[in-house]
Amino acid sequence: MSAISSIDFLIVGAGFSGLVTAERLSNAGFCCVVIDQRDHLGGNAYDCYDEAGVLIHPYGPHYFRTNSQRIIDYLSRFTEWHPVEYEIKSFTRDQYWSFPINLNTFEEWLGRSSTEEEWSAWLEETKVAIDHPQNSEEVIVSQVGWELYRTFFEPYTLKQWKLHPRELQASVCGRIPIRLNRDNRYVTDTFQALPANGYTAMFQSMVDQSPGIEVKLSTSFAEAQKQYSYKHLIFTGPIDTYFDHCFGALPYRSLRFERESYQASELTAREEISGKKGHWQPAMQVNYPDLDVPYTRTVEIKHATGQKIAATTVIREFPDDWSPSKEPFYPIPTNESSELYARYRALADQEQHVSFIGRLGTYRYYNMDQVTGMALTEAEKLIKRYSR
Ligand SMILES: Cc1cc2nc3c(=O)[nH]c(=O)nc-3n(C[C@H](O)[C@H](O)[C@H](O)COP(=O)(O)OP(=O)(O)OC[C@H]3O[C@@H](n4cnc5c(N)ncnc54)[C@H](O)[C@@H]3O)c2cc1C
């Protein structure tokens, strides 16, 4: 039997949350071991080159954006950036639509040109008067009315979550903006860019610049507990697994991905649709709201990475029921799951030497900049506490 090693911090999870805390703590002089049950760095933000040589996001597209200079400054120590304006489209009724909904979408809806005044007046007349929307259906119909809701939101949400928008908290569909202007960008954050050489290269640089970090991949928490004694644990895995599901499993939605690569010769015929040489579809992401299409979106990340390569790869994303053998992709934001999480949170608050952070540790969908911020704050707190 091998001897137990004594370290300062054991960090479960090599995604944004785990690696950012590890980098900060190790550069403050602490000895950190980061483990991950997967065989790569980066958690869900991991990217890699596929057989066609295309840089892909195998766990779903990760569009980095933020309004926080603190986060940009921090991550820029480990990467250069490739600026992008993320654009997506929706495909239904046999045509591509501008999305999120804006004046361009309204013109496509009318089949003629229009103005902000007409669009605004149409919305005023069409939207349903609801003062305090309580769920995802109400939040959308109170902005655009029933017809646009039933075309772009209701079937898509049903497919994605296997729940009716009425059963989902307002924040789920409320994240998607409705715009009066012609802004076709997916998000409006001031900084929108991808790490120039990809996320995995950025994470590798974080590890390389941190001599106090040891990374052990393909290692589960259970295995690591047998190998290390530690002063403090940072747990970025699912909070209910830490407590052996004592109150029952927190529900998740999973995803399944199908990948297809196309060579230059196959793309010529697509140019009329994609509008761009060497591309398959007209935007980096196309949403498919209709229920008779089994996937929710197709992603051609080459639009965003700007990779100079003749081939391209398209990934179709199928929503999937979650079970313990599948990846827990999205926490399900219902009132029941929030109550269940609160019970685990109460147990977590009693743990003196464990921090639960990240999207799985706090059972909440966070963007990458938000988890980076959470990890930086947690690391600062721990550095103060353990430097005494
Ligand atoms: C499909 C999808 C698309 C997304 N798109 C965007 C986007 O466009 N922009 C954006 O800002 N954010 C996006 N996100 C959110 C982004 O993925 C998260 O903000 C980020 O990955 C969270 O990092 P994390 O470290 O908290 O979790 P993760 O990246 O999930 O990392 C946790 C790691 O812990 C490991 N782990 C868990 N349990 C154990 C255990 N018991 N033992 C060992 N290892 C364990 C897991 O293997 C995993 O690698 C998206 C998320 C999903 C699911």
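Histidine 245 has 13 other C-beta atoms within 10 Å, so histidine 245 is partly exposed. The model examined here is predicted.

Histidine 245 lies in the loop between H9 and E12. Its phi is positive, about 55°, although the residue is not a glycine. Aspartate 244 belongs to the loop between helix H9 (239-242) and E12. The phi of aspartate 244 is near 50°, a positive value in a residue other than glycine. Aspartate 244 is exposed, because 7 other C-beta atoms lie within 10 Å.

The chain divides into two domains. Domain 1 takes in 5-47, 198-250 and 331-387, while domain 2 covers 88-174. Taken over C-alpha atoms, the centres of domain 1 and domain 2 are separated by 37 Å.

An open sheet of 7 strands was found in the model. Its strand order is E8-E7-E13-E14-E15-E12-E16, and the pairing is mixed. Strand E8 (95-99) and strand E16 (330-331) stand at the edges. Each has a single partner strand, so one side of each has no neighbour in the sheet. Strands of a sheet pair through backbone hydrogen bonds, either parallel or antiparallel.

Several pairs within this sheet can be described one by one. Strand E7 (residues 88-92) runs antiparallel to E8, and 5 bridges join the two. Lysine 89 has serine 98 in E8 as its bridge partner. Strand E14 (residues 297-299) is joined to E15 by 3 bridges, again in the antiparallel sense. Strand E12 (residues 252-262) pairs with strand E15 (residues 312-321) over 10 bridges. This pairing is antiparallel too. Phenylalanine 257 stands opposite glutamate 317 in E15.

The bond runs from phenylalanine 99 to proline 100, with omega near 0°. Proline 100 sits in the loop between E8 and H3. In helix H3 (residues 103-110), the buried residues are Leu103, Thr105 and Phe106. Seen down the axis of H3, the buried residues fall within an arc of 155°, so they line one face of the helix. Their cover includes E8 and helix H4 (116-126). Glycine 111 follows H3 and has a positive phi, near 75°.

A parallel pairing occurs between strands E2 and E10. Strand E2 (residues 32-35) is joined to E10 by 4 bridges, and the two run parallel. Cysteine 32 stands opposite isoleucine 213 in E10. The side chains of strand E10 (residues 213-216) alternate. Ile213 and Val215 point to one face and are buried.

Helix H1 contains glutamate 23. This residue has 26 other C-beta atoms within 10 Å, so glutamate 23 is buried. Its contacts beyond four places in sequence are with Met206 and Ser210. Glutamate 23 and methionine 206 are 183 residues apart along the chain, yet their C-alpha atoms are separated by 6.5 Å.

A shell of 34 residues surrounds the ligand. The closest are Gly15, Gly43, Gly60, Gly237 and Gly358. Helix H1 (16-27), helix H14 (358-361) and helix H15 (368-387) each supply at least two residues of the shell. By residue class, the shell divides into 16 nonpolar, 15 polar and 3 charged residues.

Key
Residues numbered from 1 in each chain as written. Predicted model: local features only at pLDDT ≥ 70, side-chain atom pairs only at ≥ 80, totals over all residues. Pairing = 2+ DSSP bridges. Domains from an automatic or database assignment. Buried ≥ 20, exposed ≤ 12 C-beta atoms within 10 Å, placed from the backbone. Arc of directions from axis to C-beta. Contact = placed C-beta atoms within 7 Å. Near = placed C-beta within 6 Å. Nonpolar A, V, L, I, M, F, W, Y, C, P; charged D, E, K, R; others polar.
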